Amino acid sequence: MRGPEEMPRERRFGPLTLRRWRVDDALALRRALDRDDAHLRPWVPFMRDEPRSFEETRRRLEEMARAHDAGAAFRYAIVVEEKLAGEALVFRRERGWELG
């Protein structure tokens, strides 16, 4: 696995793009979380903190972008044909890296 200085902000794979979250993703993320809350809540630990306000969602995206830039955690928006489809995470752990 690459070091934090080599982790890309964005990678394209045909119609699929993995890219670092941006503050301007807040509306699309908020809509997706609100729409899928009942389905996600039993399976996704961070859903216990939902629903957040739009402003809280925006601040969370700012924090995720700073963590990415600092090399602490890499959270990527999964975008398919310009539509938000999900999230991929890469975290540094004591014994290596964790994907989520």
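Reader: What does buried mean here?
Author: Buried means a relative accessible area under 20%, whereas exposed means over 50%. The model is a predicted one.

Reader: Which residues of α1 are buried?
Author: Ala 26, Leu 29, Arg 30, Ala 32, Leu 33 and Asp 37 are the buried residues of α1. Their cover includes α2 and β4.

Reader: How far apart are the end C-alpha atoms of α1?
Author: They are only 18 Å apart. A straight helix of 15 residues would reach 21 Å at 1.5 Å a residue, and α1 falls short of that.

Reader: Where does α1 bend?
Author: The bend in α1 is at Asp 34, and it amounts to about 40 degrees.

Reader: Turning to α2, what span should its 17 residues have?
Author: Helix α2 covers residues 54-70 and should span 24 Å at 1.5 Å a residue. Its end C-alpha atoms are 24 Å apart, so the two values agree.

Reader: Which residues of α2 are buried?
Author: Those are Thr 57, Arg 60, Leu 61, Met 64, Ala 65 and His 68. They lie on the same side of α2, because the arc they cover around the axis is only 140 degrees. Arg 66 and Ala 70, on the other side of α2, are exposed.

Reader: What follows α2?
Author: Gly 71 does, and its phi is positive, near 80 degrees.

Reader: I would like to return to His 68. How is it placed, buried or exposed?
Author: His 68, which lies in helix α2, has a relative accessible area of 4%. That value is under the 20% cut-off, so His 68 counts as buried.

Reader: Which residues does His 68 touch, leaving out those up to four places away in sequence?
Author: His 68 touches Met 7, Pro 8, Arg 9, Arg 20, Ala 73, Phe 74, Arg 75 and Tyr 76.

Reader: A new topic: which residues form the largest nonpolar core?
Author: This core has nine residues, namely Trp 21, Ala 26, Leu 29, Leu 33, Met 47, Leu 61, Met 64, Ala 77 and Val 79. Two or more of its residues come from each of α1, α2 and β3. The most come from α1, which gives three. Another core, of six residues, lies apart from it and includes Met 7, Phe 74, Tyr 76 and Ala 88.

Reader: And what is Met 64 in contact with, neighbours within four places in sequence aside?
Author: Met 64 is in contact with Trp 21, Arg 75 and Glu 87.

Definitions and conventions. Residues numbered from 1 in each chain as written. Predicted model: local features only at pLDDT ≥ 70, side-chain atom pairs only at ≥ 80, totals over all residues. Heavy atoms only, no water. Helix = DSSP H or I, 4+ residues; strand = E, 2+ residues; numbered from the N terminus. Expected span 1.5 Å × (residues − 1). Buried < 20%, exposed > 50% of the residue type's maximum accessible area, 1.4 Å probe, protein only. Arc of directions from axis to C-beta. Bend = angle between axes of the 7 residues up to and from the residue. Contact = heavy atoms within 4.5 Å. Core = buried A, V, L, I, M, F, W, Y, C linked by side-chain atoms within 4.5 Å.
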